[in-house]
Amino acid sequence: MGQQQVNQIEAGHIFVEDIRDAMVANRRMARSINVEIYSRRLETFRVTETIGRRPGLPPRSYRVDLRNRQYDCRRFQTLHYPCAHVVAACAKVNLNVEQFVEDVYTLNRTLRVWENEFPVLPDLSTWEVPPITFELVPDRGLRRNPRGRPQSTRIRNEMDIREKSDGTRCGLCRLAGHNRSKCPQRNYHVGQSSRSGRN
């Protein structure tokens, strides 16, 4: 990677390849942007996009303040290199747009990342591994229980607390304290259902 940076510097490039490609695309887009000079001294402009808008929508316009590096589209503040609006404003007053590209995108800066050389790693069999001086003990509380229903790990709050009920209710008479099989009125309900079946 370091050699790639050196080759690009020797070829006369200043910025990394991605930024060069982005600037070419932004110069192409800048041709379709109208620029109105508000103040040449303060380097403020109003730029208006003329293409790429849906029919029926008015063209969008943006304020460009080159001196304070403030742009309404906020792409420069985010990416730290000129968007198409800034490129168009610079072309209007013959300013060098490359002065607005941050140093982090220069090849000299990226070369610093790769200029340190890494030593060749020796074969794994020759590595000196220090003896283990402690024992790893697993936390049995974190083990997953392989049997039964999976347990929920959701953190519960007031919404999950059920209101206290009177206990189980019978499915036949709807009274509490017993279930369907021990209902005292079971024979009555069974008789009712058998009569209705005959009819």
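Modeller: Here are the labels, taken one at a time; note that this is a predicted model.

Biologist: What makes S2 and S3 a pair of strands?

Modeller: Two strands pair if at least two bridges are found between them. Strands S2 (residues 44–49) and S3 (residues 61–65) have five bridges, in the antiparallel sense. So they count as paired. One of the contacts to look for: Thr48 has Ser61 in S3 as its bridge partner.

Biologist: What is the order of the strands in the sheet?

Modeller: The order is S1-S2-S3-S4, in an open sheet with antiparallel pairing.

Biologist: Why are S1 and S4 said to stand at the edges?

Modeller: S1 (33–39) and S4 (70–71) each have a single partner strand, so one side of each has no neighbour in the sheet.

Biologist: What packs on the sheet?

Modeller: Helix H4 (residues 84–92) does, touching S1, S2, S3 and S4. Its direction makes about 65° with that of S1.

Biologist: Which residues of H5 are called buried?

Modeller: Buried means under 20% relative accessible area. In helix H5 (residues 107–114), Leu107, Thr110 and Leu111 are the buried residues.

Biologist: Why say that they line one face of the helix?

Modeller: Down the axis of H5, the buried residues fall within an arc of 110°, so they line one face. Helices H1 (2–10) and H2 (17–30) are among what covers them. The face turned away carries Asn108, Arg112 and Val113, which are exposed.

Biologist: Where does the name "SWIM-type" come from?

Modeller: From an unreviewed UniProt entry, which annotates residues 62–94 as that domain. In the model, this span is 42% helix and 18% strand.

How values were computed:
Residues are numbered from 1 along each chain as its sequence is written. This is a predicted model: local features need pLDDT of at least 70, side-chain atom pairs count only at pLDDT 80 or more; totals for chains, interfaces and linings use all residues. Side-chain values use heavy atoms; hydrogens and water are left out. Helices (H or I, at least four residues) and strands (E, at least two) are DSSP runs, numbered from the N terminus. Contact means heavy atoms within 4.5 Å. Axes are lines fitted to C-alpha atoms, for helices over the stretch in contact, and angles run from 0 to 180 degrees between N-to-C directions. UniProt positions are given in the numbering used here, feature names are shortened, and annotations may be inferred rather than shown by experiment. Buried means under 20% relative accessible area, exposed over 50%, partly exposed in between (1.4 Å probe, protein chains only). The arc is that of the directions from the helix axis to the C-beta atoms.
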